[in-house]
Amino acid sequence: MGEWSFEPKEVDRIKKGTILRGDWGYDQTNNEFCKVVKNTGKTLVCQKLRKIKVRGVAPSYGSIVMPDKDSAEFKPFRIKIDKYDIDGQPNVSLHGKMPFSDQKGDGTKVHWGKYDGGELIDTER
């Protein structure tokens, strides 16, 4: 499991207001944030959050970002909770399309995990 992946037993305890981070793109260097609205046990209903640019790193490398915890963009969306075993070890994956607008079907597939509250490098322009 990655350092920001959830353990299977933790997923059931994800509650309303929990902030998740997602990554996508080349080298997974585009970061997104969402706030959990509801945990159904099979899916997380989430609200996309805006990113705050804390500072630039270098013109060719991107910015340091954090979530704007009080913002909301677009309609809520669903993240699927997949629980599975690998060699008898329980695992979990959180994945779903993150919207870029309110248009149906608009979005990109994103892997979601824990957000530790720190700053992240983001190369999205």
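**Aromatic pairs and the strands around them**

Trp112 has a relative accessibility of 1%, so this residue counts as buried. The model is predicted. Phe77 reaches 8% relative accessibility and therefore also counts as buried, because the cut-off for buried is under 20%.

Start with the rings. A pair of aromatic rings is described by the distance of the centres and the angle of the planes. The structure holds two aromatic pairs. One of them joins Phe33 and Tyr115. Their centres lie 5.2 Å apart, with 75° between the planes. That pair is edge-to-face, because the angle is over 60 degrees. Phe33 sits in strand β2, residues 30-39. Tyr115 sits in the loop between β8 (108-114) and β9 (120-122). The pair therefore ties together parts that are 82 residues apart in sequence. Both Phe33 and Tyr115 are buried.

Phe77 and Trp112 also form a pair. Here the ring centres are 5.9 Å apart and the planes meet at 40°, so the pair is tilted. Phe77 belongs to strand β6 (residues 73-86) and Trp112 to strand β8, so this contact links parts 35 residues apart in sequence.

Now follow the strands. β6 pairs with strand β7 (residues 89-98) in the antiparallel sense, over seven bridges. Tyr84 has Asn91 in β7 as its bridge partner. β6 and β7 form a hairpin, with two residues between them. In the turn, Asp87 has a positive phi of about 50°.

From β7, move on to β8. These two strands run antiparallel and are joined by five bridges. Lys97 stands opposite Lys109 in β8.

Conventions. Residues numbered from 1 in each chain as written. Predicted model: local features only at pLDDT ≥ 70, side-chain atom pairs only at ≥ 80, totals over all residues. Heavy atoms only, no water. Phe/Tyr/Trp six-rings, centres within 6.5 Å; stacked < 30°, edge-to-face > 60°. Helix = DSSP H or I, 4+ residues; strand = E, 2+ residues; numbered from the N terminus. Buried < 20%, exposed > 50% of the residue type's maximum accessible area, 1.4 Å probe, protein only. Pairing = 2+ DSSP bridges.
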